[in-house]
Amino acid sequence: MTHSAVPPRPLMTEDYAYFLEGLQRREVLVQKCDDCKRLRPLPGPMCPHCHSFAWTAQTLGGGGTVYSYIVHHHPPIPPFATPHVVAVADMDEGVRLTAALDDCAPDDVAIGMRVGLAFVTEEDGFVLHHFVPAAAP
């Protein structure tokens with residue numbers, strides 16, 4: 001069995017294209033409802049609050065706080081090294097985002113720790129978002 005050095009790609013759908021295109025410009029975008037002004041991190045055709053179909057993409061600033069995390073040990077999934085941390089962060093804008101947490105040993109991650117966004121360019125040129133520990137103030 002042959003494994004690629006490139007992680008599997010997210011499925012490009014009409015609702016998700018803006019997010020993936022934003023990553024290629026090194027921006028993490030969320031949908032902001034044009035009617036009720038709420039942010040929604042999961043792309044969709046309409047606002048889950050007011051059911052409006054009108055939305056605008058908003059760029060996240062990049063800061064957040066770890067809400068939850070897991071440390072992946074097994075099974076190995078090429079090309080990911082194990083163990084590696086995947087975190088869910090409460091972003092400063094009020095939405096939750098999931099990403100790999102780089103530059104942080106599994107024993108050092110903690111609920112409530114500050115993280116920032118980083119962008120990783122894969123071998124094929126595709127850009128993904130990751131978290132990194134935020135620099136101490």
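**Tour of charged pairs, rings and a sheet**

Select Arg-96: its relative accessibility is 40%, which counts as partly exposed. The scale calls a residue buried under 20% relative accessible area, exposed over 50% and partly exposed in between, with a 1.4 Å probe and protein chains only. The model is predicted, so local features need pLDDT of at least 70 and side-chain atom pairs count only at pLDDT 80 or more, while totals for chains, interfaces and linings use all residues. Residues are numbered from 1 along each chain as its sequence is written, and side-chain values use heavy atoms, with hydrogens and water left out.

Asp-90 is partly exposed, at 29% relative accessibility. Now show Tyr-67: Arg-96 lies over the face of this ring, 3.3 Å from its centre. The criterion is NZ of Lys or CZ of Arg within 6 Å of the ring centre and within 35 degrees of the ring normal.

The count of salt bridges comes to 3. Go to Asp-92 and Arg-114, one of these pairs, with 2.9 Å between the closest N and O atoms. Asp-92 is in the loop between strand S5 (84–91) and strand S6 (96–101), and Arg-114 is in strand S7 (residues 114–121), so the pair ties together parts 22 residues apart in sequence. Helices (H or I, at least four residues) and strands (E, at least two) are DSSP runs numbered from the N terminus. Another salt bridge joins the side chains of Arg-25 and Glu-27, at 2.9 Å from N to O; Glu-27 is partly exposed, at 25%.

Next, the aromatic rings. There are 2 aromatic pairs, counted when rings of Phe, Tyr and Trp (its six-membered ring) have centres within 6.5 Å; planes under 30 degrees apart are stacked, over 60 edge-to-face and the rest tilted. Select Tyr-18 and Trp-55: the centres are 4.8 Å apart and the planes at 55°, so this pair is tilted. Tyr-18 lies in helix H1 (residues 17–24) and Trp-55 in strand S3 (residues 55–59), so parts 37 residues apart in sequence are tied together. Tyr-18 is buried, at 11%, whereas Trp-55 is partly exposed, at 29%.

Finish on the open sheet of 3 strands, ordered S2-S1-S3 with antiparallel pairing; strands pair if DSSP finds at least two bridges between them. Strand S2 (39–40) and S3 are the edge strands. Gln-31 has Arg-40 in S2 as its bridge partner.

Note on methods: A salt bridge is a side-chain nitrogen of Lys or Arg within 4 Å of a carboxyl oxygen of Asp or Glu.
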